[in-house]
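Thanks for coming. I will go through one structure, starting with a sheet and ending with a pair of helices.

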Amino acid sequence: MRESNMIVARALAEVAKEIREGVTTLYLDSVAEEYIRDCGAYPSFLGYEGFPNSICVSVNDQVVHGIPSDYVLKEGDIVSVDCGALKNGFHGDSCYTFPVGEISDEARRLLEVTKVSLYKGIEKAFEGSRLGDLGNAIQSCCESFGYSVVREMVGHGIGRSMHEEPKVRNYGRRGFGEILKNGMVIAIEPMVNLGSRNIRVESDGWTVRTVDGSLSAHYEHTVVVRKGKADILSSFEFIDQVLGKNIS
């Protein structure tokens, strides 16, 4: 699973190199698919329950499951790229929300807080913790900044199947929910809206948008539950190198 997740991490970095004004989201899809296949892996999302592409690309008020298209990225957009890869019978899964050129301070703060909330959740992914502890950590972080957490879309167990039990909610009550056990592998993925948490599904049956048209951000890591501290299988290191950020 670490190998599959490293393929995803590097595929997202290849996408990061191409994100700029004037590029279509369908082109980003081709970049990711080519890299995944070159690694001897298969794009987990391609054909999954009928999904037509290799990555999900969600722009601005699109929350998740955006279908790559001829949409041309423009300065100020934010774009969430969710990617999966299957190799040796196991899946990897990760997501990152990218700025396109210069974005508003409001958008940048949303991205920063959503990313921080992911790591707040990961801090609770240790043996003996409960899913409610994890969800509460994410929810509390985001709501303290006035943002809302999407309830209908959740993280998940992952392994030989793309989506397995348990459901990993981005909200919850401390001390409640399933107890996490050593060796469990889960994908933690806060989806956070600038405005209302309410969402709707577009007529394509996939793309999820905010009802009020507010911006939405999405970050995801696949982690192994361990004693004391989670082991993060995916990585943003390669993305950060492309974007010229400090490694995180």
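Five strands make up an open sheet in the order β8-β7-β9-β14-β15, with antiparallel pairing. At the edges stand β8 and β15 (231-232), each with a single partner strand, so one side of each has no neighbour in the sheet. Strands here are DSSP runs of E with at least two residues, helices are runs of H or I with at least four, and both are numbered from the N terminus. Two strands pair if DSSP finds at least two bridges between them.

This is a predicted model: local features need pLDDT of at least 70, side-chain atom pairs count only at pLDDT 80 or more, and totals for chains, interfaces and linings use all residues. Residues are numbered from 1 along each chain as its sequence is written, and side-chain values use heavy atoms, without hydrogens and water.

Now β7, residues 155-157. Three bridges join β7 to β8, residues 164-168, and the two run antiparallel. They form a hairpin with six residues between them. Which residue in β8 stands opposite His 156? That is Lys 167. In β9, the bridge partner of His 156 is Ala 187.

Helix α4, residues 131-143, lies across β8 and β9, at about 45° to β8. Contact means heavy atoms within 4.5 Å. Axes are lines fitted to C-alpha atoms, for helices over the stretch in contact, and angles run from 0 to 180 degrees between N-to-C directions.

Last, the helix pair. α1 (residues 2-18) and α2 (residues 25-38) pack at about 145°, with axes 9 Å apart. Residues that meet include Ile 7 and Val 15 in α1, and Leu 28 and Tyr 35 in α2.
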